[in-house]
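Take a look at the structure, and then we'll go through it piece by piece.

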Amino acid sequence: MTIPFIEYANSHRLQEIDSTNNYCKTSKVKNGEWVTSEYQSNGRGRGSNKWDSLGKGNIFFSAKVQIELDKIPSLSLVSLFIGSATLRTIRNFAVLPEEYSLKWPNDVFRMNKKIAGILLEANTKNEIVELIIGIGINLVSTRDRENEIYGILYETEFDNTQKEKILHNLVENLNISMQKIFFGNIKEELTWIESNSYLKDKMIQARANQILTNGKFAGYTEDGFLLLSTESGIVTIIDTDPDFKIN
Ligand code: BTN
């Protein structure tokens, strides 16, 4: 069994690119390598969303790993654990770590503002997934903050050695998360994710088996799906589209 592993030393450092995920998909980037760029001109988000760069100096990161599908519970669990690796990294560099939480499936929030987003793109051949892990983290912003919907990690300028430390820690935490999946420490990580969940104590509207349901956050399955406690019992939510809403 090969465990997906990102090699910190094998990075592609770019000044500007449309999207680090696009670059990472090319044959220039090999399995286990990663890409970062100072600026991203056409960053992509989940669905048809765009990822705003908020100016230069933020983290635009993509890594390529291969995963044997029959060795993991689901890709949704991988997605959730990549979210927890990102949350752990951000907390390690935050002034007030408790301000940060994970919003299922894998957004990181600073209080009520999104600070990091993750775009996973999978290409499956013969039960092996080539996974592009795209992560954007807002460190700073040159824009007027008043009506900004995105959160940032630092209110003032910071130096590039700090950014490098964050990237190093991100690679480390992603590798630890993968190992947890492959060596069976899933329950322990899910407990940590649950206690640091943005959805905790919130009422949620979502679609379960085509039916629109309202319920309270009740944790996650071992496949990384969301559980809601509703009038008709516990229901499992597989994805956020199209009607997911926090009330
Ligand atoms: C989302 O929350 O909708 C996902 C945002 C993902 C953004 C990152 S930035 C690095 C990588 N390159 C992209 O084009 N997107 C991801």
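Let's begin in strand β12, which covers residues 226–230 and is where leucine 228 has its place. Keep in mind throughout that this is a predicted model. Is leucine 228 buried or exposed? Leucine 228 has a relative accessible area of 0%, and anything under 20% counts as buried, so leucine 228 is buried. Along the chain, leucine 228 and lysine 216 are 12 residues apart, and their C-alpha atoms are separated by 5.3 Å.

**The ligand and its surroundings**

Now for the ligand. How many residues surround the ligand? The count is 20, and the closest are Ser19, Gln40, Arg44, Arg46 and Lys114. The space that the ligand takes up is the largest pocket.

Some of the contacts can be followed atom by atom. Lysine 114 has an N or O atom in its side chain that is 2.5 Å from an oxygen atom of the ligand. Arginine 44 takes part through its backbone instead: one of its backbone N or O atoms lies 2.7 Å from a nitrogen atom of the ligand. With threonine 20, a polar side-chain atom lies 3.2 Å from a nitrogen atom of the ligand. How much of the ligand does the protein cover? On its own the ligand has 410 Å² of accessible area, and the protein covers 98% of that.

Of the contributors, β8 gives the most, with 4 residues. Sorted by class, the shell holds 10 polar, 6 nonpolar and 4 charged residues.

A few spots in the backbone deserve a second look. As a rule, most residues other than glycine have a negative phi, and most peptide bonds are trans.

Which peptide bond is cis here? The bond from tryptophan 104 to proline 105 is cis, with omega near 5°. Proline 105 has its place in the loop between β6 (100–103) and β7 (107–110).

Glutamate 127 isn't a glycine, yet its phi is positive, near 65°. You can find glutamate 127 in the loop between β8 and β9. With a relative accessible area of 47%, glutamate 127 is partly exposed. Aspartate 201 also has a positive phi near 65° and is likewise a residue other than glycine. Look for aspartate 201 in the loop between α4 (186–195) and β10. Why does aspartate 201 count as exposed? Its relative accessible area is 62%, and the exposed label applies over 50%.

**Pairs that are apart in sequence**

Next come some pairs of residues from separate places in the sequence. Here they are side by side, with C-alpha to C-alpha distances.

| Pair | Apart in sequence | Apart in space |
|---|---|---|
| Methionine 203 and asparagine 214 | 11 residues | 7.0 Å |
| Isoleucine 246 and glycine 215 | 31 residues | 9.9 Å |
| Lysine 187 and glutamate 222 | 35 residues | 7.3 Å |

Where do the residues named at the start of each row sit? Methionine 203 is found in strand β10, residues 203–208, and counts as partly exposed at 40% relative accessibility. Isoleucine 246 lies in strand β14, which spans residues 245–246. Its relative accessible area is 28%, so isoleucine 246 is partly exposed too. Lysine 187 belongs to helix α4 and is exposed, with a relative accessible area of 59%.

What joins lysine 187 and glutamate 222? Their side chains are linked by a polar contact of 3.4 Å.

**One last stop: a serine in a loop**

We finish with serine 74, which is found in the loop between β5 and α2 (75–93). Is serine 74 buried or exposed? Serine 74 is buried, because its relative accessible area is 13%, while the cut-off for buried is under 20%. The side chain of serine 74 also reaches the backbone nitrogen of serine 76, at 3.2 Å.

Notes
Residues are numbered from 1 along each chain as its sequence is written. This is a predicted model: local features need pLDDT of at least 70, side-chain atom pairs count only at pLDDT 80 or more; totals for chains, interfaces and linings use all residues. Side-chain values use heavy atoms; hydrogens and water are left out. A residue is near a molecule or strand if one of its heavy atoms lies within 4 Å of it. A polar contact is a pair of N or O atoms within 3.5 Å; within protein, one must be able to donate a hydrogen and the other to accept it, and residues adjacent in sequence count only if both atoms are side-chain atoms. Accessible areas come from the Shrake-Rupley method with a 1.4 Å probe; for residues, only the protein chains shown count as cover. On a 1 Å grid over the protein atoms alone, a cavity is a set of points where a 1.4 Å probe fits but cannot get out, and a pocket is an open set with protein on both sides within 12 Å along at least five of seven lines; lining residues have an atom within 4 Å of a point. A molecule sits in a cavity or pocket if more than half of its atoms lie within 2 Å of its grid points. Helices (H or I, at least four residues) and strands (E, at least two) are DSSP runs, numbered from the N terminus. Ala, Val, Leu, Ile, Met, Phe, Trp, Tyr, Cys and Pro count as nonpolar, Asp, Glu, Lys and Arg as charged, and the others, Gly among them, as polar. Buried means under 20% relative accessible area, exposed over 50%, partly exposed in between (1.4 Å probe, protein chains only).
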